Amino acid sequence: MTSKQPSIDPATLAVLAKAEAEKIPTAFTRALDMKPCPIGREGSCCSVCYMGPCRFVGKNAETMTGICGATHATITARNLARAIAAGASAHSDHGRDLCFALLAIAKGEAQGYGIKDERKLRKLAGWMGVKSDGRSKEEVAEDVAKLALAQFGQQTGEVICASRATKKRQELWRRLGLIPRGVDREIVETLHRTGMGTDQDPEHILTQALRTSMTDGWGGAMLATDIGDVIFGTPSPLQSNANLGVLKEDEVNIVVHGHEPLLSEMIVVAAQEPEASEYAKSKGAKGINLVGMCCTANEILMRHGIPSAGNFLDQELAIITGSVEAMVVDVQCIMEALVSLASRFHTKLITTSAKAKISGATHIQFDEHQALTSARLIVRTAIDNFPNRKATDIPDIRNEMVAGFSHEYINYALGGTYRGSFRPLNDAIMAGRIRGAAGVVGCTNARCVQDEGHSYIVRELIKNDVIVVQTGCGAHANAKYGLLTPEAMDFAGPGLREICEAVGIPPVLHLGSCVDNTRILTVLTQMAEEGGLGEDIDDLPAVGIAPEWMHEKALAIGAYFVASGAYVLFGVDSPVAGSKAVEELISAGWEEKVGGKLEFEPDPVKIVEKALDHIDKKRRALKLEEYKPDRYGQSGDARMRQVLKERA
Ligand code: MSK
């Protein structure tokens, strides 16, 4: 099914044509020039000591050893565990920064921020065992923030968020020793264990990799989602637009790109101040147009409806349109190539995090204690750059979308404020109206046709009555093709369509950024606890898919879903392809241990087949109604459409 083009997005293709004409390199062209290293792609390389690097390639790779005697399986397991630790560290550090921000807010030391969702704060306090009754929100917030911060440095015991899993899952984790003792502890221990000469049993290493991944999903990332909601508000549905066509010819375009919501939320405020708009007009612009990129886009899209300019592979393309006055970045998924690219145009690349500078970029240090001051300076810097703009080529391509589906909103949509419940969803799955559920998440990758896997898989799943939730760049990908709108029901199977019409939700729900994959854990847990679909996540007819992943964070996410009981399918190439032993350990081996498994399958067609097979297998195990595609579909709307058709 692979397209001959580098992307299925006409906006991408239009900008790439300009880049080609002007000989501007992009990730798309560099991916053609830079062949994947055959050692990393088909074999393994061990570089944890300086006797090597030892290479494991060729026919005998499986039986080779390194200079120290390490087997190929040990090295492959170590490399995977290290990648998972790195991915977990990124999400967890994001969560840590939000905890510090909440603490500063509680103490009245965070300029411009407040507590937007007090109800969620008190709920979080309840989960964490923090006394809430009769106390001010600031007092509760201070204790919640301190306890959340303590999760990172905790040395013994269990991270608190794990107590939100099903009872059955918690018991299994305790039996296997999988609940993280502390976020930082597991990440450090994984680095220690996988250095030269320590843990040398692949299965043992991979079990620690699972525990480390849980510091992400049931640790730092879950705290990031919850505390983000407390500070900035829990999302509910809103309309917006996606694709490069959200950039504007006559306004100051500011693209916020990266991950953490702390700065971008304040830029939303600064960009909407009347003084900023007046200042922009004084420079010849009609106003200020704030748009997002990657997961920063998701954060401000979910809460403010700020449009998305695109996903990971669109970051360079936005600059090539010639219309971006400032690209403001914080951490994660930011290409170093942006600096040299921006220097060809008038764009200012502005780094803001104390953790991430890029040589040649303008650095404006962001400090949550003076957030609004930093945000105003950034907005002013962008406006000052508007007169330097030259010719622009913005593709006039954008699509509408609906985003903002927090777990809380889904609960409300399914049952109302007083009867919030997943019962209607579970009933629909039990009856076979909905065949199952899928999370389709993750990056876009220059080794794939951009958006092709995301788009194909989601269309096929909803056509087969599988309800889909999305996060990260996958959500941006499908937003570009109108798949995140109620009209996507036109592509859905009849049973799924009937439920979406009755409940008033689209068949593809945007749940947020990469850290918000924890919202999916919460949804799955509640489905399991609601009854009728087994007792735990591994009983559910559900799958997780990352068709175009590229980041270590994706591996951490995949691993914590496996640890939680999910079947997870990754596209692109397998980082463990060289070792059959490790492939077996993370699929059949992990399934036997925790009920979930991780597989790599580059072909989107086969991913859909495997996903549907798994869903049907779980349905049979639960003794549910056999799924029959034509059994349902005579909802009021469907009959009305038929009547209108006959009349016409
Ligand atoms: S931003 S990790 S490219 S989803 Fe979260 Fe997108 Fe992947 Fe970064």
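Before the first stop, a term: a cavity here is a set of grid points, taken over the protein atoms alone, where a 1.4 Å probe fits but cannot get out. Keep in mind too that this is a predicted model.

**Stop 1: the ligand.** Click on the ligand to start. The space it takes up is the largest cavity. Now select the residues around the ligand: His 259, Cys 294, Cys 295, Phe 312, Cys 333, Gly 442, Cys 443, Cys 473, Cys 514, Met 550, His 551 and Lys 553. Sorted by class, this shell has 8 nonpolar, 3 polar and 1 charged residues.

Next, colour domain 2 (244-388) and domain 3 (402-643). Why does the ligand lie between them? Both domains give residues to its shell, so that is where it ends up.

**Stop 2: a sheet.** Look for an open sheet of 6 strands, all paired in parallel, in the order β13-β12-β11-β14-β15-β16. Select β13 (508-512) and β16 (597-600): these stand at the edges with a single partner strand each, so one side of each has no neighbour in the sheet. Going from one strand to the next, the twist averages 20°.

Zoom in on β11 (residues 436-440) and β12 (residues 466-471), which pair in the parallel sense over 5 bridges. Pick Val 440 and you'll find Gln 470 of β12 standing opposite.

Stop 3: Most residues other than glycine have a negative phi, and most peptide bonds are trans. Go to the loop between β1 (44-46) and β2 (54-56), where Pro 53 is found. A cis peptide bond joins Gly 52 to Pro 53, with omega about 0°.

Last, select Gln 332, in the loop between β7 (324-329) and α14 (338-344). Gln 332 isn't a glycine, yet its phi is positive, near 75°.

Definitions and conventions:
Residues numbered from 1 in each chain as written. Predicted model: local features only at pLDDT ≥ 70, side-chain atom pairs only at ≥ 80, totals over all residues. Heavy atoms only, no water. Near = heavy atom within 4 Å. 1 Å grid on protein atoms, 1.4 Å probe; cavity = no way out; pocket = protein on both sides within 12 Å on 5 of 7 lines; lining within 4 Å. Sits in = over half its atoms within 2 Å of the grid points. Nonpolar A, V, L, I, M, F, W, Y, C, P; charged D, E, K, R; others polar. Domains from an automatic or database assignment. Pairing = 2+ DSSP bridges. Helix = DSSP H or I, 4+ residues; strand = E, 2+ residues; numbered from the N terminus. Axes fitted to C-alpha atoms, helices over the stretch in contact; angles between N-to-C directions.
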